[in-house]
Amino acid sequence: MGCKWGFAVASGDYCTTLGHCAPGSGGSISFTFGANGRTQYALFESSLVDGCGQIQSLTVKTGTTTVHGSTLVFTPKAGTYKSVNGCRPDLTGTWKFGAGDLKPVSLSWQLNGRQLRLVDPGGEASGVYSRR
């Protein structure tokens with residue numbers, strides 16, 4: 001799709017589909033920027049709970065990004081939340097985000113050589129991203 005930036009916490013994996021991610025605790029966040037501002041955001045989270053099993057979730061949102069100086073605005077148009085929960089099988093499934101869950105997000109950005117620093121006021125996507 002284009003230029004992919006991401007960072008991983010603990011696990012070292014960059015996951016955009018469940019089932020292809022290593023078990024254990026950790027997670028990753030990635031942004032893939034394409035032509036005409038098309039953007040995919042993926043947030044993967046994983047934990048291993050003693051006596052219970054693996055819990056993994058994957059949030060994927062697609063939309064567009066515009067840049068205004070030092071601010072990047074990601075406007076999601078569609079998205080899904082997938083969960084595999086070994087502790088609570090009733091919480092395993094896939095859900096589509098409604099319009100109320102797809103609000104634009106403004107992030108401060110700064111490119112430092114081969115690293116992209118994003119600051120999200122909500123804290124979810126803040127971090128130092130590397131080119132993937």
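Me: How many disulfides does this predicted model contain, and which residues does the disulfide join?

Reply: In general terms, a disulfide is a covalent bond between the sulfur atoms of two cysteines. In this predicted model the count comes to one disulfide. Cys52 is joined to Cys87, with an S to S distance of 1.7 Å. The pair links distant parts of the chain, 35 residues apart: Cys52 sits in the loop between strand S3 (38–49) and S4, and Cys87 in the loop between strand S5 (71–85) and strand S6 (93–96).

Me: Is Cys52 buried, exposed or partly exposed, and what is the relative accessible area of Cys87?

Reply: Cys52 is partly exposed, because its relative accessible area of 32% falls between the limits of 20% for buried and 50% for exposed. Cys87 is likewise partly exposed, at 26%.

Me: Which elements make up the secondary structure of the protein, and how many are there?

Reply: The protein has nine strands and zero helices. Read from the N terminus, the order of elements is β-β-β-β-β-β-β-β-β.

Me: What does the predictor's confidence look like, overall and among the elements?

Reply: The mean pLDDT of the protein is 85, and 85% of its residues reach 70 or more. Among the elements, the lowest mean pLDDT, 75, belongs to strand S1 (residues 2–9), and the highest, 96, to S6.

Me: In which sense do S7 and S8 run, and how many bridges join them?

Reply: Strand S7 (residues 105–112) and S8 run antiparallel and are joined by five bridges. Within this pairing, Ser108 has Val119 of S8 as its bridge partner. The hairpin of S7 and S8 has two residues between the strands, and Gly113 takes a positive phi near 60 degrees there.

Me: What is the pairing between S8 and strand S9, and which residue in S9 stands opposite Leu116?

Reply: S8 also pairs with strand S9 (residues 127–131), in the antiparallel sense and over four bridges. Leu116 stands opposite Tyr129 in S9.

Me: Is Tyr129 buried or exposed, and which residues is it in contact with beyond its sequence neighbours?

Reply: Tyr129 counts as buried, because its relative accessibility is 0%, and the limit for buried is under 20%. Leaving aside neighbours within four places in sequence, Tyr129 is in contact with Trp5, Gly6, Phe7, Ile29, Ser30, Phe31, Arg114, Gln115, Leu116 and Leu118. As for Leu111, 18 residues from Tyr129 along the chain, the C-alpha atoms of the two are separated by 9.5 Å.

Me: Where does Val60 lie, and how far is it from Ser30 in sequence and in space?

Reply: Val60 belongs to strand S4 (residues 53–68). With a relative accessible area of 15%, Val60 is buried. Val60 and Ser30 are 30 residues apart in sequence, and their C-alpha atoms are 9.6 Å apart in space.

Me: What share of the contacts in the protein with a separation of 6 or more comes from residues 24 or more positions apart, and what share of the residues is buried?

Reply: Residues 24 or more positions apart account for 46% of the contacts with a separation of 6 or more. Of the 132 residues in the protein, 33% are buried. The protein exposes about 7,300 Å², and carbon and sulfur atoms supply 53% of that area.

Me: How many salt bridges does a search of the whole structure find, and which side chains meet in a salt bridge?

Reply: The search of the whole structure finds one salt bridge. The side chains of Arg88 and Asp90 meet in it, at 2.8 Å from N to O. Arg88 is partly exposed, with a relative accessible area of 41%, while Asp90 counts as exposed at 52% relative accessibility.

Me: What is the phi of Asn36, and where is the place of Asn36?

Reply: Asn36 has a positive phi of about 55 degrees, although it is not a glycine. Asn36 is placed in the loop between strand S2 (26–34) and S3. Its relative accessible area is 76%, so Asn36 is exposed.

Note on methods. Residues numbered from 1 in each chain as written. Predicted model: local features only at pLDDT ≥ 70, side-chain atom pairs only at ≥ 80, totals over all residues. Heavy atoms only, no water. Buried < 20%, exposed > 50% of the residue type's maximum accessible area, 1.4 Å probe, protein only. Disulfide = S-S within 2.5 Å. Pairing = 2+ DSSP bridges. Contact = heavy atoms within 4.5 Å. Areas by Shrake-Rupley, 256 points an atom, 1.4 Å probe, with all protein chains shown as cover. Salt bridge = Lys/Arg side-chain N within 4 Å of Asp/Glu carboxyl O. pLDDT = per-residue confidence, 0-100.
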